[in-house]
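Please consider the following remarks alongside the coordinates.

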Amino acid sequence: MQELVTRAKELLKDGTVTRVLGWKNGDLSYNPEPAFFETEEALSDFVYNGFCGANLSKYMIEASKKEGKTLVFLKPCDSYSFNQLLKEHRVDREKAYIIGVGCKGKLDIEAIKKQGIKGIETIKGAEMTDACDTLEISTIYGDKTVSYDDVMLSRCYSCKGKEHVIFDEQMLESRDTATKGRFDEVEAIEKMSPEEKFEFFRKELSKCIRCNACRNVCPACSCRKCVFDSNKFDSAQKANVDTFQENMFHIIRAFHVAGRCTDCGECSRVCPQGIPLHLFNRKFIKDINEFYGDYVAGEDIDAEAPLTHFEFTDREPNEERG
Amino acid sequence: MQRIGVFVCHCGSNIAATVDVKKVVEMMKKEPGVCHAEDYPYMCSEAGQMKILEAVKEHHLTGVVVCSCSPRMHEATFRKAAERAGLNPYMVEIANIREHCSWIHKDMEEATEKAVILARAAVAKVNLNTPLQAGESRVTKRALVIGGGIAGIQTAIDIADAGYEVDIVEKTPSIGGRMSQLDKTFPTLDCSACILTPKMVEAAAHEKINIYTYSEVDKVTGFVGDFTVDIRKKARSVNSDKCTGCGVCQEKCPSKKSLNEFNRGLNTRSAIYTPFAQAIPNVPVIDRDACIKFKTGKCGVCEKVCQAGAIDYAQQDEIITEKYGAIVVATGFDTIKLDNYDEYAYNQSKDVITSLELERIMNAAGPTKGHLERLSDGKAPKEMVFIQCVGSRCSDNRGKSYCSKICCMYTAKHAMLIRDKYPDVNVTVFYIDVRTPGKNFDEFYRRAVEEYGVNYVKGQVGKVAPLPNGKLLVQGSDLLDNKQILKEADMVVLATAIEPEASVRKIATMLTASIDTNNFLTEAHPKLRPVESPTAGVFLSGVCQGPKDIPETVAQAGAAAVKAIGLLAKDKLTTNPCTAKPDELLCNGCSQCANVCPYGAITYLDKEVNDHGIRETRRIAQVNSALCQGCGACTVTCPSGAMDLQGFSNRQIIAEVDAICR
Amino acid sequence: MSHRNYAEKIKEISGVNPYKCMKCGKCSATCPSYSEMDIKPHQFVSYVQSGEIEALAASKSLWKCLSCFACVERCPRDVKPGKLIDAARQLVVRERGGDYLSADEIPALLDEELPQQLLVSAFRRYKR
Amino acid sequence: MPLNENEFRPKIVAFCCNWCSYAGADLAGSSRLSYPADVKIIKVPCSCRVNPMFILRAFEKGADGVILCGCHPGDCHYSTGNYYARRRMTLLFSMLEYLGIEKGRTRVEWVSAAEGVKFSQTMNEFVETIRSLGKNVRLGDLRCKN
């Protein structure tokens with residue numbers, strides 16, 4: 001992580017960038033948060049470790065409007081989001097100096113807690129320099145160890161690969177963490193009976209408290225004024241009054257990002273209620289791949305997005321599947 | 001809140017028979033925003049429209065809902081009435097309680113309940129209507145006619161006589177179309193060429209008409225008043241300017257084996273050919289598949305013998321792009337394939353021919369130089385049999401379900417001409433019904449029967465079987481004498497069904513003109529607008545719209561021309577104001593909408609915007625309302641709802657959905 | 001046999017809608033045993049349509065039809081007269097009490113090579 | 001069939017495109033081809049104008065079935081509208097099925113201006129399907145029910 005800080009300081013000093021966008025420690029040792037650093041001194045708070053899951057692309061929308069260039073550190077999966085925002089003219093390539101940082105898989109503190117570990121004080125073994133195979137966790141009830149690969153974020157198990165699609169420089173190596181199929185969960189749900197599916201999603205979506213964290217963190221879901229906040233559709237809803245609105249918000253959100261979602265998994269990571277929101281987006285991605293050919297959002301700026309393109313031989317909506 | 005007037009029409013009894021109009025009026029009075037409701041037997045009548053005028057004045061109405069027939073019928077009428085009353089015409093909504101309600105439901109209570117719901121939806125929509133001003137778009141004073149048959153020629157001449165430029169695009173090497181293949185025409189028995197060639201010459205000589213032969217339409221973009229068309233002028237391999245039409249090349253050309261399409265493949269032609277003597281332009285075309293020079297590189301005889309040096313093997317296809325205000329489709333027809341009708345042995349015996357082939361046989365320029373003879377052995381026939389409705393009026397999927405309309409008349413014509421020229425030939429016609437309506441048509445048919453002794457037998461032919469002695473055994477039934485007839489015939493002529501030219505479907509897709517399953521172009525209204533396509537600026541002339549004979553084709557060609565002239569005469573066209581409109585403060589500038597716009601009406605602009613105090617330049621979508629046709633594709637790809645469609649806004653449709661599901 | 005329900009039954013068994021017939025006569029034209037029949041194929045349709053089932057049931061044509069289905073194949077309106085006559089024949093065959101093969105007729109029809117089996121099945125089918 | 005209270009009366013919203021299916025509905029009307037009165041038609045300029053929000057809104061307000069009719073692919077008056085609608089509805093219907101909503105509740109049908117018979121047959125079939133599926137519960141508000 002230290003090389004990142006020194007490189008950032010050089011770029012700040014020689015004026016190529018006027019600010020640095022990275023992470024700094026949160027109130028606890030395992031929840032770093034995105035932060036801007038204007039000066040070299042401030043960079044001492046900079047941190048990059050196994051817990052820095054946040055995708056910084058979305059912040060670049062506002063950063064592009066500021067004076068001068070911004071240095072931004074993008075993990076491989078974050079770079080797809082930046083590319084997608086570039087395709088939609090939301091970020092300015094000239095205003096961004098991108099360093100593609102390596103990633104050894106990001107950790108999920110909820111997964112650690114699920115292992116029955118409470119009262120966490122410090123966690124060691126999550127640094128980029130570590131081997132990232134075991135974590136030593138010191139808690140008020142004594143020290144505990146847990147395997148790195150058991151407590152990663154669910155998105156890391158079906159990691160999209162370790163190449164950055166857009167960068168000015170690349171630093172630090174990555175570790176391939178993909179072990180599961182990307183659509184295994186979706187296929188598992190598809191095999192359920194309609195009643196089971198309905199129960200599954202009712203159980204999940206009934207937990208939704210409409211805190212809009214998923215919307216606020218999603219790079220693809222960054223309208224100036226969301227349709228659920230404006231009077232364009234008479235669908236302005238601050239809270240889910242009835243169960244329908246719980247479904248509706250997530251279906252429409254998934255539909256709006258369909259063909260644009262880079263499957264960065266941020267929505268599921270930030271959801272305070274732990275709802276697996278990526279299941280919606282992955283369902284659309286799976287359908288798009290199956291019906292209209294494989295498409296990875298954010299991979300190629302000039303590619304035709306599936307929902308703003310068509311073929312004469314597309315299938316009919318009521319056609320039986322498979 | 002709007003002040004809305006609801007007018008419920010009885011439509012005589014069409015609506016009032018199954019919808020309790022009084023109850024609908026009563027229910028509408030209770031709707032929010034409705035301050036006046038009344039019913040009237042005929043809202044579309046002058047008196048009915050006066051009701052609207054008076055109500056608007058008396059109750060200061062700001063919106064009008066008319067519960068009546070389909071908006072496709074009288075929306076324009078009621079909008080004009082509102083306009084006369086000083087109301088913006090787009091503050092009028094129609095609830096279709098006839099075609100979508102009273103005509104299809106029997107139970108009064110149920111139909112009334114539905115009528116109320118439909119009316120309520122219309123009121124909900126008009127509540128959110130905003131006054132719209134129709135825009136204007138320019139008109140290119142030039143017309144395009146696709147197809148160079150009698151329909152295309154007549155339309156082109158009529159438009160050109162009105163002083164407008166016209167381009168004819170004809171696929172074959174010469175204009176003239178199907179009519180040029182006919183020998184005589186009914187009911188006057190004029191020689192077809194004698195009445196057609198003068199028209200062809202007139203079209204060719206007309207300074208306002210420009211003819212592209214051996215050419216096809218490749219691409220059409222734009223819309224009424226402003227079409228941009230790419231015409232592909234296929235390479236003739238002959239330079240039209242130099243060629244004098246002497247015809248030496250056709251005589252000397254060694255490759256004589258290719259089938260002569262003009263004579264329906266009954267004889268052959270040389271590789272370099274003009275379809276028929278009176279071809280216009282009289283410039284031959286090299287059939288590159290048959291030409292030895294193109295196939296093997298040797299030969300080149302035509303180049304050597306051509307004194308005018310007009311042969312040019314290196315000629316390539318040429319794409320010409322032109323702008324047009326109106327497009328007339330005149331693509332004509334062909335006879336159907338008879339492969340599914342093996343009971344008539346058309347493919348087994350050369351003496352079983354279609355009527356069009358008989359036209360060529362009887363034509364002096366035809367394969368038999370006008371002598372009526374059997375194609376198998378060249379002998380003159382003694383017994384001739386005509387079979388009507390071959391492939392027509394068949395609801396099995398082998399043939400066409402419609403009646404081809406012209407066969408009864410041309411068969412009577414053939415029978416009469418044969419009996420007149422060869423009195424010793426017996427002619428028998430097997431028919432289901434002889435359909436010869438119209439002026440002098442039935443008299444023409446009766447002359448064939450009474451003066452020329454043509455033997456008409458009511459009953460279809462079940463089978464035609466070639467016999468060892470070269471004759472044809474015709475097995476038919478005589479329903480009037482209840483007999484089965486077994487007749488040995490020398491020649492059998494099939495009155496084959498006709499279908500539109502195959503390439504019309506491609507043209508319809510390019511013009512977005514609607515087309516039915518039989519490949520006939522659909523007219524805007526079968527009775528009231530027969531020569532216009534629902535797509536504005538596209539007109540239909542001739543058989544491409546439906547089976548018809550030459551008199552009707554010429555009449556309809558004239559009508560299509562007048563419609564086109566009516567359009568070209570205007571300097572400005574009022575455009576549909578229901579176009580897309582972006583909300584500057586909400587637009588993300590993400591150009592999703594531009595990707596789906598079929599008309600390229602959306603562009604982007606970096607604009608200084610004051611968003612509640614935040615002043616910044618943003619990338620904002622701009623809609624060119626002259627190009628936008630109001631399809632609404634962009635409004636759905638726009639996630640934030642910034643792009644909305646005037647006249648069909650998101651909130652309006654949501655209001656209609658709410659009103660229906662309440 | 002009252003008209004109405006038998007006409008309906010024939011239509012139901014054959015699945016034919018006689019109204020689709022446009023009286024073109026092609027079925028009669030195609031029928032190989034036309035000359036043998038008293039009621040012609042195109043008349044099957046009009047008889048069923050007008051409900052004259054007695055005449056149809058009593059007619060010789062029922063038994064002259066070879067079920068070669070040429071008429072079904074070539075009918076331009078899919079009316080399938082062959083199926084109609086089949087249905088009429090079904091009705092007659094199912095009719096109790098009708099006696100179409102008496103024992104004393106057998107010697108006239110007998111032919112030495114006639115297999116025994118044929119007589120048994122003929123009696124089973126046509127003798128009630 | 002007259003209104004008897006106990007029989008389930010489905011509410012069905014049909015979005016019809018102005019150029020083809022609305023004209024097809026008119027033709028069904030003028031040919032007096034009946035279909036149940038539960039179907040109510042909303043006219044939209046093109047099938048590509050129908051936003052998934054409208055369909056979900058219909059279900060939210062108590063509709064039991066929603067059908068979208070448009071021109072046959074290739075016949076669209078705006079040349080490409082129905083192709084976009086086809087993709088959007090394919091994905092939307094697949095998502096609704098994924099959520100456990102009965103597949104029969106939503107449908108797309110291409111009806112040309114000349115196909116009055118097909119329009120009335122489609123509507124009869126669709127009402128029959130919805131009747132067999134019964135009242136739409138899953139997309140309504142469950143909170144006050146169970």
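The numbered points below take these topics in turn.

1. This is a predicted model, in which local features need pLDDT of at least 70 and side-chain atom pairs count only at pLDDT 80 or more, while totals for chains, interfaces and linings use all residues. Residues are numbered from 1 along each chain as its sequence is written, and chains are lettered from A and ligands numbered from 1 in the order in which they are written.

2. Chain A comprises domain 1 (1–106 + 158–180) and domain 2 (181–322), with bounds from an automatic or database domain assignment. Their centres, taken over C-alpha atoms, lie 26 Å apart. Contact (C-beta atoms, placed from the backbone, within 7 Å) joins 19 residues of domain 1 of chain A to 17 residues of domain 2 of chain A. On the domain 1 side, helix 3 (residues 76–87) of chain A contributes the most, nine residues; helices are DSSP runs of H or I, at least four residues, numbered from the N terminus.

3. In chain B, the axes of helix 12 (residues 407–421) and helix 13 (residues 441–450) come within 9 Å and cross at roughly 35 degrees. Axes are lines fitted to C-alpha atoms over the stretch in contact, and angles run from 0 to 180 degrees between N-to-C directions. Among the residues making this contact are B:Met409 and B:Ala412 of helix 12 and B:Phe441 and B:Phe444 of helix 13.

4. The contact between chain B and chain D takes 44 residues from chain B and 45 residues from chain D. Helix 18 of chain B gives the most to the chain B side, with eight residues.

Definitions and conventions: Two residues are in contact if their C-beta atoms, placed from the backbone, lie within 7 Å. Helices (H or I, at least four residues) and strands (E, at least two) are DSSP runs, numbered from the N terminus.
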